[in-house]
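Please look over the model shown below before reading on. The report starts with one residue and then turns to the chain as a whole.

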Amino acid sequence: MKKIISALAMIAITGCSLTGCIGASAETGSAAPDYSKASSWYKIPEITREVDTFYIYSTAYFESSFVKGAPDYATLDNPEMLEGVKAEYMTNASVYEQSTNVFVPYYRQAGMRYAVEISKKTGDIDAALSGISYDDIRAALDCYFRKYNNGRPFIIAGHSQGSAMVKYVLKNYFKEHPEYYKRMVAAYVIGFSVTKDDLKKYPYLKFATGESDTGVIISWNTEGPKNVKENANNVAVLPNAISINPLNWKLDETYAPASKNLGSFMPNLKARRYEITDIGADAQVVLKRGVIVTNARYDHPAAAEFFGPQSYHEDDYTFYYNNLKDNVAKRVAAYLRRTKKAR
């Protein structure tokens, strides 16, 4: 979330002309964008892979959402959101590029202020997602499957609010469209909680049990020891949350040392770029809290007022970047082997 407007993430931002970036009206209360227009998407890729990814970005409408009189939902020309999408594509969504064609729609997301207000009132973010934001994502999915997908298997993925939306889509859109859901390679719901209650209420949803099972959900929230010790409030961590360890792909508390980390994707401020490096990002599931804890050598935790004193929410992807890239490739390969064998 906040990382995308921080000095670190500005390395990734090259600027965006607001003119021509989007094709729909910027009025928040208007109809969903026309996703048949390329301008309604941040990314429509050249098709070079057998599998797609549909990626939903996190809360880029952050600081400006706290300005007095700011709307609850971002307008499609919100500069903070447009810059944030660019940064997040580089740090997060790029892990899917090696194995898939990555699609990223613009959408009118809930601002951080409003999302937190709703979460405090209801215990979840769903009420903030269910209107304007879901209208946009549903329209984008409809267009994607009709115009762009051409029957290919796909991954659906996101981070933070984007992952909350992925979970909302799994519970609603794919319940209405089982013909699409059967082609889902995996859902990466990273940086937001998938809970035991979700799986019980929606029994067609299955959580991953290893590194290469398909048709499953992969999810984790990353914290430091202080958050766990204090049982700190973290808006992304819900009761009965489940996390899988991104270094050993286990659901139990088996410790995975940093030697299993294939490389973190972190900012080099001096060189003004992100690069693969070793920050000692180990991982261990904490079953009671439903998160993974790390002792990474990194001193820029997420905003404490929302995520607790030592949350690495903004680095759920970057700490485990190469392991995640490798995992996407393994799940794609497993899916393609299985479907080709069935023919």
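Leaving aside its neighbours within four places in sequence, which residues is Asn 227 in contact with?

## Basis of the report

This is a predicted model, in which local features need pLDDT of at least 70 and side-chain atom pairs count only at pLDDT 80 or more, while totals for chains, interfaces and linings use all residues. Residues are numbered from 1 along each chain as its sequence is written, and side-chain values use heavy atoms, with hydrogens and water left out.

## Surroundings of Asn 227

Beyond four places in sequence, Asn 227 is in contact with Ala 232, Asn 234, Arg 289, Phe 307, Gly 308, Pro 309, Gln 310 and Ser 311, where contact means heavy atoms within 4.5 Å.

Asn 227 lies in helix 9, which covers residues 225–230; helices (H or I, at least four residues) and strands (E, at least two) are DSSP runs, numbered from the N terminus. Because its relative accessibility is 0%, Asn 227 counts as buried, a term that means under 20% relative accessible area with a 1.4 Å probe, protein chains only. Its side chain is joined to that of Glu 223 by a polar contact of 2.8 Å (a pair of N or O atoms within 3.5 Å, one able to donate a hydrogen and the other to accept it).

## The chain as a whole

The protein chain contains 11 helices and 13 strands, and 60% of its 343 residues count as buried. Among its contacts with a separation of 6 or more, 79% are between residues 24 or more positions apart. Along its principal axes, the C-alpha trace spans about 55 × 50 × 45 Å.

Conventions. Buried < 20%, exposed > 50% of the residue type's maximum accessible area, 1.4 Å probe, protein only.
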